[in-house]
Amino acid sequence: MKKAFLILLSSLMLLSFGACSSNTESGVSSDSTSTGIVQAAEPIRLVNKMTKTERSRVNKHALTLLDEPEEAEHKVSIEFITQTPDDLRAYFENHRDEITAEEYEQAIKNINDMAESGESYTFAAYGLIDGCFYSGIFWTPELDDPDNYTTITAYDSETGETEKLTFYTFEEYLDWAAEDYKKSGCSENMIKSKIRQIQLVRDALKSGDYETLPEGSIDLTDPSLYSDPFADPFADYRNVWEYDREAVEAIKDSIDEISVYDEELNTEFLVHLTLPPNYDKDKTYPVFLLTDGVWRFGNHTELRKVMEDGEAADVILVSLGYNYKIDGTNAYYRFTHLLQERDKLLDFITDNLMPYLGENYNIDYANSSLYGHSNGGVFAHNALCKSDFYGNQPFGNYIIGSPAFWGLYDEDFDLDPEGCKNDYGYFDRNDTLDKRVFLCGGSLEDPDYADSYKGHDTTLEGLAKLNDRLSAHNANVTYKLYESHHYQFIPEMLTEFLKETYPRQ
């Protein structure tokens, strides 16, 4: 087949391209009902509802958070598409208005030549790098021929117009692509990543070091391909995790790191599980699960030290974060999963994560605890009030810290703020709440987000009203404010909760 035909077809296929006793502290009063270890008549068992895909992707391994980022090998996967002469004729007929008469005639001539020789045309159509969708050009080996060139159709988002551009060398194309990404508003780091992706795919095509995907593997109409606008195969966000490196080093052999994928959220979570001192696999332990692992994993060492010092009973500490390719401090992810998709996250924790952990460790679910703060506090409230919908009951205790209920009033999303104010109808369905609840916040925190309330309840107003509602239904609730701003009280609160909820027997 002639090169001109290859080039023409490529140009049409490529477009330019996204628990706790109550005290009075610092003059702030609190109401209380103490929480403690419950002796369940029968141990709670959970059913693991992971899909086959989710089970296949679970990976429990040693801690890698302390590892220095390095230039690891990256996996390139490419889907090739084969076009028969009839396929090509139909394609060019459908795109006739996009090419000149001369280009159309040349294409038909090439197709007829193919038909006579019994040939077909196979080309690289779609790609993945470490599972991330690749949206760049496929610079195939023949394009390195000095007598060859490639043509692409570039789209100008500002004018809405398209333009055909021809490139004779790979370097020439890269220079243009970098400038085009800059015009599109990409950050400097994102531009560098996109250029590296193009180079990586080109090198893989030249060396043959890639995985060939069966035709039809990548469905461009699948929304999961575009679910993460920050997907970057070269990203490594270990540097944003907050923890005491020396303290973690001292107990790293007691820490398991577990990658757990959820199909509903199309997200790979990273779980850090710290075993208690003198862990005995034949004994049963409660789990203390902390959301926002990027920050809360750093509390594992302090909480484990409380156990080591005999100030609390042994529990298994678990923090839920994201894999190191995702910036867990990014507001996009916290808003998406803790607020917008909080029901799906609850499904994942209730029916996937906690049952999986129960298959690998002996867990006392009746005495296990779930913690969430800020957006995580909204999630923990949602988890508490919808717990009756589940056959699985992984938690007996819930910590709702400084819940940002005001975030549910975002006008761009239907986040059900009214349902939240009614505790999602829990007390319409039930007479009692058989969970133990600890509500907490910082007495000084309301001014921290003054510009976000927009006439709705402040953080502390929402917290106080929740306490009133739960107390009116005789729920086992503890309410406490610490002399603190929005998050500074968390380490003290977690330590206090551990000591009082899980006292040394």
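Strands β8 (residues 255–262) and β9 (residues 267–274) pair in the antiparallel sense, with eight bridges between them. Within this pair, I258 has V271 of β9 as its bridge partner. The model is predicted.

Both strands belong to an open sheet of nine strands with mixed pairing. The order runs β1-β8-β9-β11-β10-β12-β13-β14-β15. β1 (59–62) and β15 (476–482) stand at the edges. Each has a single partner strand, so one side of each lacks a neighbour in the sheet. From one strand to the next, the twist averages 20°. In general, strands of a sheet pair through backbone hydrogen bonds, in parallel or antiparallel fashion.

A helix covers part of this sheet. Helix α15 (residues 459–472) lies across β13 (397–401), β14 (436–442) and β15. The helix runs at about 155° to β15.

Now the whole protein. The fold contains 16 helices and 15 strands. The chain has 505 residues, and 51% of them count as buried. The accessible surface comes to about 23,900 Å². Carbon and sulfur atoms account for 46% of that surface.

What about cysteines? A disulfide is a covalent bond between the sulfur atoms of two cysteines. With a cut-off of 2.5 Å between cysteine sulfur atoms, the count comes to zero disulfides.

| Cysteine | Relative accessible area | Class |
|---|---|---|
| C132 | 14% | buried |
| C440 | 0% | buried |

Why do C132 and C440 fall in the buried class? Buried means under 20% relative accessible area. C132 counts as buried because its value is 14%, and C440 because its value is 0%.

Key. Residues numbered from 1 in each chain as written. Predicted model: local features only at pLDDT ≥ 70, side-chain atom pairs only at ≥ 80, totals over all residues. Heavy atoms only, no water. Helix = DSSP H or I, 4+ residues; strand = E, 2+ residues; numbered from the N terminus. Buried < 20%, exposed > 50% of the residue type's maximum accessible area, 1.4 Å probe, protein only. Areas by Shrake-Rupley, 256 points an atom, 1.4 Å probe, with all protein chains shown as cover. Pairing = 2+ DSSP bridges. Axes fitted to C-alpha atoms, helices over the stretch in contact; angles between N-to-C directions. Contact = heavy atoms within 4.5 Å.
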